[in-house]
Amino acid sequence: MNLSRYRADGRRLTALATPIALTQLAQIAVSTTNIALMGTLGVRQVAAGGLAIVLFNQIRTMCVGLITGTGNQIASAVSSAGKRGDSAGQEVRDIVRSSFVIATLAGLLGGALLIGLGWALRWMGQDAGVLADARPLMVALAPGLLPCLWFQVLRQYTVGMQRPQALLLVTLGSVGLNLVLALAFIHGWAGLPALGLTGIGVATSLVFLITFGVFLAMVRHDVELGATLPLRPWPSNPATLRTELKLGGPIALTYGSEAGMFSVLALVMGSIGPAALAAHNVVYQIIYIVFQVAIGLSHGASILVSHAVARDEFDHARALAWLALRHVAVVAALTGIVYAVAPDWVLRPFLNSTEAETIPIAHTLLLIGIVLQFFDAAQNIGTGLLRGLKATNAGFRLSLIGYWCVGLPTALLLAFPAGLGAAGVWWGLTAGLATTAALMLRRYFALLSAKAAAAFPHQAIERATAGQ
């Protein structure tokens, strides 16, 4: 690839990734604010609220996976239409309609599941008092799943059309709005009922609804985006609906598989001791913040790959993968230097100097995190690249191998028989993420070569002959 195209790709990747990454960071600010507000209500409220939010986020993440391929579908449709010299308007409308239908059904089922878990968890050994506080919050959060997923459909639409800039403005506004509404419903300001912990759920659901409405208005008034945005989710094309589910189902399962492994390893940390679990939670939160940059790069690279493959530019798609990996390597290196040089500064917002047992463990995990966060980012890039090729089934299968066949057993072996404790868990996690990243990237490049050979058989024959 020549230098001018490399620079152009770098600018396009940055333009796509930056608003998505900042949007992800703003969403983390909302959940962090909620947890901080719970802390003002008492320890039991933190436990109950944390439980409700963890369950809500798990369900939301899997539901979002169902519609994550929408952006790639739109990008492919636009590029294919451009190659043919006609309009992709009708195809884009069909994709968006199908995505709204899937989001609505997933939101209804997910909300019902969240409410049901509030009662089912009593048979899983959870504290009765904590559950009594968590149930009203879960009921209040459940309706918010619908506008949250509708917002994600619009997000995928704007990303697929390569116009995601409005995302950041809306999400930043939601941080402040959530804080004001949550305080108002917690304490009963301005004549509102004082709902305590449940008020956080009511506020969050209202914020999801308001931000969806504002974002919808902004998208509809955009000259380019408004032209192909359907005003209603019907009539839906059954074939498009099946394609969306075929693409999104494995993504949802991949997200669930990854979240499940992290949940199991948190339980392992808890069995080692409270200090290990506390260090794990703190350092994981720090790395999770950095991970949002990788999510932005993954989405951006995925969309660019969809465009390149639709135009049969397979060498370009290969170069885009290396470009995205170089970007995450730079981010991991820069943050890793900070972890190594100033670990106490990094940990200070989460741990105070009196945590004598936790801080040394956190220091160790932070150093391991320098390596871990690169492979975590790389496997997320791999997921996005495979999504760009619509090979989401492959991503799910490979994630099972990396997470559950390599990561979890290695973590258990290093933590207990090898006696490494908390550090062993994180080295095992690193091994699982590294395996997943390597398998996904290997699969991506193999699929690209196969697609190139099918599209240009004469070139493949010439290369094979030259190699003999």
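What percentage of the 468 residues of the chain count as buried? The share is 52%, where buried means under 20% relative accessible area, exposed over 50% and partly exposed in between (1.4 Å probe, protein chains only).

## Basis of the model

The model is predicted: local features need pLDDT of at least 70, side-chain atom pairs count only at pLDDT 80 or more, and totals for chains, interfaces and linings use all residues. Residues are numbered from 1 along each chain as its sequence is written, and side-chain values use heavy atoms, with hydrogens and water left out.

## Overall fold

The chain holds 17 helices and 0 strands; these are DSSP runs numbered from the N terminus (helices H or I, at least four residues; strands E, at least two). The radius of gyration is 23 Å, which agrees with the value near 23 Å for a compact globule of 468 residues; it is taken over C-alpha atoms, and the globule rule is 2.2 Å times the number of residues to the power 0.38.

## Aromatic pairs

There are 9 aromatic pairs: rings of Phe, Tyr and Trp (its six-membered ring) pair if their centres lie within 6.5 Å, with planes under 30 degrees apart stacked, over 60 edge-to-face and the rest tilted. Phe56 and Phe208 are stacked, because their ring centres are 6.1 Å apart and their planes at 20 degrees. Phe56 belongs to helix H2 (residues 43–67) and Phe208 to helix H8 (residues 197–221), so the pair ties together parts 152 residues apart in sequence. Phe56 is buried at 5% relative accessible area.
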